[in-house]
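Work through the exercises below with the coordinates open. Each task is followed by a solution in steps.

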Amino acid sequence: KVFKKKIKKNKRFKIVVATRPWEINFWSKETFKYIILSIMRITSIFKNSQIIFKIHPSEKEKDYLIEILNSYNSNCWKIDYRHLVTISKSCDLGITLNTSGCLDIISMRKPCIEFWLKNKVVNQNLTYKVDGKIKTPFEIFGIVLNVNNFEQLLNKCKSFKNKKIREKIIAKQYLNFLKLNNNRNSIQKNLKDIQKLI
């Protein structure tokens, strides 16, 4: 008999990105482009990585997103039209652009980063000012870790390579997710308290 030695391939580092389109009264097309380009830079640092994009249901950003992504090797990215929960199951990390998609990612016990540029937000209706800092409800409730530039994103991604750090963050985010789902009355009260701070 001839035995073939099995070569164990390194597991790909998969990141699912839940996008949202730019809006005149919220953020610009240029901001959207910066965020996407920053996320794609991760693939040049983590060589065995893949970015999986879950486009917003409206698909308003689809054509422009593909235009940006076409300048990259098709092996390092793809667009997936399945439900975000299904996609998240096989991913190592989730990134959202200030969307409720973070809840789907956290429900699968995957760490989630919220990437948006606080200093570029035009309309504060989707954010709150707490202790002098602009935050989204997801950040306030501890559902996501927030980053505002490529350097912060890179540092967070590197930290997730550490199993202990990764598990600690997942446990914290998932616990906060359960609190939100188990006590909706508390959520409404917290939101009202936050609105008083605006």
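**Exercise 1: an aromatic pair**

Trp22 is partly exposed, at 25% relative accessibility. The model is a predicted one.

Task: Classify the ring pair of Trp22 and Tyr64 and state which parts of the chain the pair ties together.

Solution. 
1. A pair of aromatic rings is described by the distance of the centres and the angle of the planes.
2. For Trp22 and Tyr64 the centres are 5.4 Å apart and the planes make an angle of 80 degrees. Ring centres must lie within 6.5 Å to pair, and planes over 60 degrees apart count as edge-to-face. The pair of Trp22 and Tyr64 is therefore edge-to-face.
3. Trp22 is in the loop between E1 and H1, while Tyr64 belongs to helix H2 (residues 62–69), so the pair ties together parts 42 residues apart in sequence.
4. Tyr64 has a relative accessible area of 14% and is buried, because buried means under 20%.
5. Ring pairs also bring in Phe32, giving a cluster of Trp22, Phe32 and Tyr64. The count of aromatic pairs is five.

**Exercise 2: surroundings of Thr99**

Task: Is Thr99 buried or exposed, and which residues does Thr99 touch?

Solution. 
1. Thr99 is located in the loop between strand E4 (93–96) and helix H4 (101–107).
2. The relative accessible area of Thr99 is 12%, so Thr99 is buried.
3. Leaving aside residues up to four places away in sequence, Thr99 touches Ala18, Thr19, Arg20 and Phe138.

**Exercise 3: charges over rings**

Task: Which rings lie under Arg41 and Arg109?

Solution. 
1. Arg41 lies over the face of Phe150, 3.6 Å from the ring centre.
2. Arg109 has its charged end over the ring of Tyr174, at 3.9 Å from the centre.

Terms used: Residues numbered from 1 in each chain as written. Predicted model: local features only at pLDDT ≥ 70, side-chain atom pairs only at ≥ 80, totals over all residues. Heavy atoms only, no water. Helix = DSSP H or I, 4+ residues; strand = E, 2+ residues; numbered from the N terminus. Buried < 20%, exposed > 50% of the residue type's maximum accessible area, 1.4 Å probe, protein only. Contact = heavy atoms within 4.5 Å. Phe/Tyr/Trp six-rings, centres within 6.5 Å; stacked < 30°, edge-to-face > 60°. Lys NZ or Arg CZ within 6 Å of the ring centre and 35° of its normal.
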